[in-house]
Amino acid sequence: KQWYQRRVRELLCNNVSSGVYVAPSPRTLQVWNGVIFIKIGLFADGCFKFNLLIPDDFPYSRPAVKFLTPVFHPQVKENGELNLVKAFPTWTPRKDRIWHVLRYTKRCFFSVNTLDSVN
């Protein structure tokens, strides 16, 4: 639990792009509820709710992002899961961080890659 509290402080206080907000679920620390506000670009004025799912063996495997708001995007699967494999082919503890995932999640809405589409 102490490890998660440290990660939450790190995430909420440093490094996260503006327009991205997350908070741990009151039920479990392995699910964080989030929202992204997009101000410019193709998805301008978009508000997208998502869950950040932290696996049992974190930090040794990558978390997952699953959108709760319907999103039509080449990197979002039909079930709402964001394809993180391209950005994080191998998850490396102490190198890859949760805030990297959140930053990548937001950047996906500005740079739409259709070549490696998952839907």
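Is Asp96 buried or exposed? Asp96 is buried, at a relative accessible area of 9%; buried means under 20% relative accessible area, exposed over 50%, and partly exposed in between (1.4 Å probe, protein chains only).

1. Basis. This is a predicted model, in which local features need pLDDT of at least 70 and side-chain atom pairs count only at pLDDT 80 or more, while totals for chains, interfaces and linings use all residues. Residues are numbered from 1 along each chain as its sequence is written, and side-chain values use heavy atoms, with hydrogens and water left out.

2. Elements. The protein has two helices and four strands, in the order α-β-β-β-β-α from the N terminus. Helices (H or I, at least four residues) and strands (E, at least two) are DSSP runs, numbered from the N terminus.

3. Burial and surface. Of the 119 residues, 40% count as buried.

4. Contacts. Among contacts (heavy atoms within 4.5 Å) with a separation of 6 or more, 45% come from residues 24 or more positions apart.

5. Sheet. The four strands make an open sheet, ordered β1-β2-β3-β4, with antiparallel pairing. β1 (20-24) and β4 (64-67) are at the edges with a single partner strand each, so one side of each has no neighbour in the sheet. From one strand to the next the twist averages 25°. Axes are lines fitted to C-alpha atoms, for helices over the stretch in contact, and angles run from 0 to 180 degrees between N-to-C directions.

6. Strand pairs. Two strands pair if DSSP finds at least two bridges between them. Five bridges link β1 and β2 (residues 31-38) in the antiparallel sense, and Pro24 has Trp32 of β2 as its bridge partner. β2 and β3 run antiparallel and are joined by eight bridges; here Phe37 is partnered by Cys47 in β3. Between β3 and β4, also antiparallel, there are four bridges, and the partner of Asn51 is Lys66 in β4.

7. Helix α2 (residues 98-107) lies across β1, β2, β3 (46-53) and β4. Its angle to β2 is about 35°.

8. Cysteines. No disulfide (a pair of cysteine sulfur atoms within 2.5 Å) turns up in a search of the whole structure. Cys47 is partly exposed at 38% relative accessibility, whereas Cys108 is buried at 6%.

9. Salt bridge. The structure holds one salt bridge, defined as a side-chain nitrogen of Lys or Arg within 4 Å of a carboxyl oxygen of Asp or Glu. Lys95 and Asp96 form it, with the closest N and O atoms 3.8 Å apart.

10. Backbone points to check. The Phe58 to Pro59 peptide bond is cis, with omega near 20°, and Pro59 lies in the loop between β3 and β4. Asp45, a residue other than glycine, has a positive phi near 70°; Asp45 sits in the loop between β2 and β3 and is exposed at 73% relative accessibility. Arg94, not a glycine, has a positive phi of about 70°. Arg94 is placed in the loop between β4 and α2 and is exposed, with a relative accessible area of 77%.
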